[in-house]
Amino acid sequence: MIDTQSNAAYYSDMVGWILHLLGLPGVGRFWQVAIYGLVGVAAGLALLLVRISNAASYLSNAPETCMNCHVMTDAYASWQRGSHGRVTVCNDCHVPHDNILSKSAFKAMDGARHSTIFMLRKEPQVMHLSSGAVPVIQQNCVRCHSDQFQMIRLSDSTQQTCWTCHQNIHGDVHGLSASPRELRPALPQAGIDLKKSGE
Amino acid sequence: MKKIIKTKFADNNGQPLRLPLWVGIGLAMLLAAAIVALGLMSVSIMERRWEAQRPILVASEIGQWESDNAKWGENYPRQYERYLMTQITDTQTKFGGSVPRDYLDDDPMQVILFAGMGFSKDYLQGRGHYYALEDVTHTKRLATPFQAATCWTCKSSDVPRVMHEMGIKEFYASNFYDLKDQMTHAIGCLDCHDPATMKLRISRPGLKEAFTAQGKDIAQATHQEMRSLVCAQCHVEYYFAKEPKNYLTLPWHNGMGVEGMIAYFDRIDFADYTHPISKTPVIKAQHPDYELYSKGIHAYRNVSCADCHMPYRSEGGVKFTDHHIQSPLLNISNSCAVCHRWSEDEIRTRVESIQTTVANALLKAEEAIVQAHFDIAAAMQANVADEELAPLRKLLRHAQFRWDYISASNGRGFHAPQEAMRILGDSVNQAQQVRVMAARLLAKAGITDAPAYPDISTRQKAFDVNQAFIGNTPIRLIK
């Protein structure tokens, strides 16, 4: 049996309890000011980071988002000129599409891993698909090409992937050689210049 | 249900709840750490964007004749840093790499083939560009009295300046040791780049003149062609003409193929040395890398030297050409695998099997040519006249140049495998023709037994055989 009255009292007590703690009772004026000052600094920096990292763009499907991280410029260039450049964007193949939760979770996991590697300057010269990415992409091939019978049979195999044979998805030339300097697309605008809007 | 909190904001004793001081300090510390992390992340993002977008910063002006690569390195630190890696001398592939392997120890037959010339004494795999200057002054091949300043041409970035000051003809005609003090920096930036624009440019006259001799204009070359042609300034076949004195010349007048070169060398009656065993006028091949490459599938598909030997490299937001020039087998995933999407192991196995095929054919050709030299020597010992031996010597000269064309080329034939095997097939065939002709001449002189071929199983034994022939005390080959 639920005692609604005492429950309500309990929660109102909780709110009061938290409000009481937020006043940092007994900590001393100096530390109270210091902590709130630091909270302010952290919040400001977090906002700045949201702006300069184009954080909002990660919620979208725009392929330019992947180029925020400069190492993906060549993948972007080769995708654009490959067989799928006119019909798909990065996310169509590289993140799962079974439901919004797994899509977001995959994006978050991959994003966290990529940004960590990039920030530590540990990015490899040649990028390969991670073991987690392979089944996701394979499922996405089937998602669109499911009317092609052979394709579906193949997709059950653990040995073969669609791109074992269909190698031109990202164009004929892979990796860093995919885009000579002259043809490299520019980085997406970020809000570093306050007069310009971020994308 | 029991109430958890009896009195608002108070403990069980009715005292108002107070946080201990360490909680406050701890909170402040945690926040400080978070701020540092956020700040680092922001800085990293801004730095990486700046890296990728900034124009090239020219820290110091580079002079027209700047031969000091370190000076260029102030403006182009990444390229310079990678260039410095040509100092590495311990990389090894099946047939190449930067390790100074000794071809004569590995293969004593070459001691016989180069009898009487420098290559029979000292024949090492060349080290990286960084050592060009050091190595040319140390090789036993360049002992006095050989003194052509022409040898500096491909060794130092000071050459364009000195040539400009002296004149090209005068440069080549000088004494090697007289110019030694002027050669201060090894092959580097100035040899391929225009210091004002960084564009690729041809700094050595030999290649320009060879284009002109073929009725072509090298100034019309595209950027992609230049990515090979800057290498072709040195990685080609050349010889020192007699007139003008020691003038560096590419034998491309009848085309870049091996037949065209042989026709040209025959026409001008050129030989690098007379073989002491068979008295054959031999042409020593330099390193016709560009010529052989131009017959291969990669050249056909417009793939340049730099595409495989200097592939792109990325560092953060920056992409640049890797100036650590090396065997693509040491960097397969960035060179071959850009187009050939197989595993590194598969690619290496395929390349090595092509090279092994060529290497085996090279050995077969050497065997035939070495024996042909001895066969002619045997005919000489049987007092066969020089006029009768002349066609044999000419054929053997062609056979040995064909073999050397592939042997002296870098890459063990990989630059054009089918062309390499075609040339080696012709080489073996010609050498065996010489042997048949020699056998007939010997038979005519009444000798039907095979010559007693001397033991050349080690470098020293082969060298001693050479010395015997050079010293006019030839080993008796016939009974």
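**Group meeting: a predicted two-chain model**

Of the 199 residues of chain A, 17% count as buried. By buried I mean that 20 or more other C-beta atoms lie within 10 Å of a residue's own; 12 or fewer make it exposed, anything in between partly exposed, and C-beta atoms are placed from the backbone.

Before I continue, some conventions. This is a predicted model, in which local features need pLDDT of at least 70 and side-chain atom pairs count only at pLDDT 80 or more, whereas totals for chains, interfaces and linings use all residues. Residues are numbered from 1 along each chain as its sequence is written, and chains are lettered from A and ligands numbered from 1 in the order in which they are written.

Let me begin with chain A. Its secondary structure consists of eight helices and zero strands, where helices (H or I, at least four residues) and strands (E, at least two) are DSSP runs numbered from the N terminus. Among contacts in chain A between residues at least 6 apart in sequence, 62% join residues at least 24 apart; a contact requires the C-beta atoms, placed from the backbone, to lie within 7 Å.

Two helices of chain A deserve attention. Helix α3, residues 73-81, is mostly covered, with seven of its nine residues buried. Those residues are A:Thr73, A:Asp74, A:Ala75, A:Tyr76, A:Ala77, A:Ser78 and A:Trp79, and the buried residues of α3(A) pack against α4 (90-94) of chain A. In helix α6, residues 133-145, the buried residues are A:Val136, A:Gln138 and A:Cys141. This helix has 13 residues and reaches 18 Å from its first C-alpha to its last, close to the 18 Å expected at 1.5 Å a residue; the expected span is 1.5 Å times one less than the number of residues.

I turn to the interface. How many residues of chain A are in contact with chain B? The count is 40 residues of chain A, in contact with 44 residues of chain B. On the chain A side, α1 (4-22) and α2 (29-52) each supply at least two residues. The most comes from α2(A), with 12 residues. By class, this side of chain A has 25 nonpolar, 12 polar and three charged residues. Here Ala, Val, Leu, Ile, Met, Phe, Trp, Tyr, Cys and Pro count as nonpolar, Asp, Glu, Lys and Arg as charged, and the others, Gly among them, as polar.

Next, chain B. This chain comes to 18 helices and six strands, and buried residues make up 39% of its 479 residues. Its radius of gyration is 31 Å, whereas a compact globule of 479 residues would have one near 23 Å. That radius is taken over C-alpha atoms, and the globule rule is 2.2 Å times the number of residues to the power 0.38. Along the principal axes, the C-alpha atoms of chain B fill a box of roughly 130 × 60 × 40 Å. Of the contacts in chain B with a separation of 6 or more, 69% are between residues 24 or more positions apart.

Some backbone details in chain B follow. The loop between β1 (239-241) and β2 (247-249) holds B:Pro244, and the peptide bond from B:Glu243 to B:Pro244 is cis, with omega near -5 degrees. In the loop between β1 and β2 we also find B:Asn246, which has a positive phi of about 50 degrees although it is not a glycine. Is B:Asn246 buried or exposed? B:Asn246 counts as buried because it has 21 C-beta neighbours inside 10 Å. The loop between β3 (273-274) and β4 (281-282) contains B:Lys279, another residue other than glycine with a positive phi, near 60 degrees. With 16 other C-beta atoms within 10 Å, B:Lys279 is partly exposed.

Finally, the cores. A nonpolar core is a set of buried Ala, Val, Leu, Ile, Met, Phe, Trp, Tyr and Cys residues joined through C-beta atoms within 7 Å. The largest has 90 residues, and those touching the most other members are B:Ala365, B:Ile369, B:Ile376, B:Leu424, B:Ala431 and B:Ala438. Helix α15 of chain B, residues 344-381, gives the largest share of this core, 14 residues. Leaving aside residues up to four places away in sequence, B:Leu424 touches B:Ala361, B:Leu362, B:Ala365, B:Trp403 and B:Ile406. A second, separate core of nine residues includes A:Cys66, A:Met67, A:Ala77 and A:Ala178. In soluble globular proteins, nonpolar side chains tend to be buried together.
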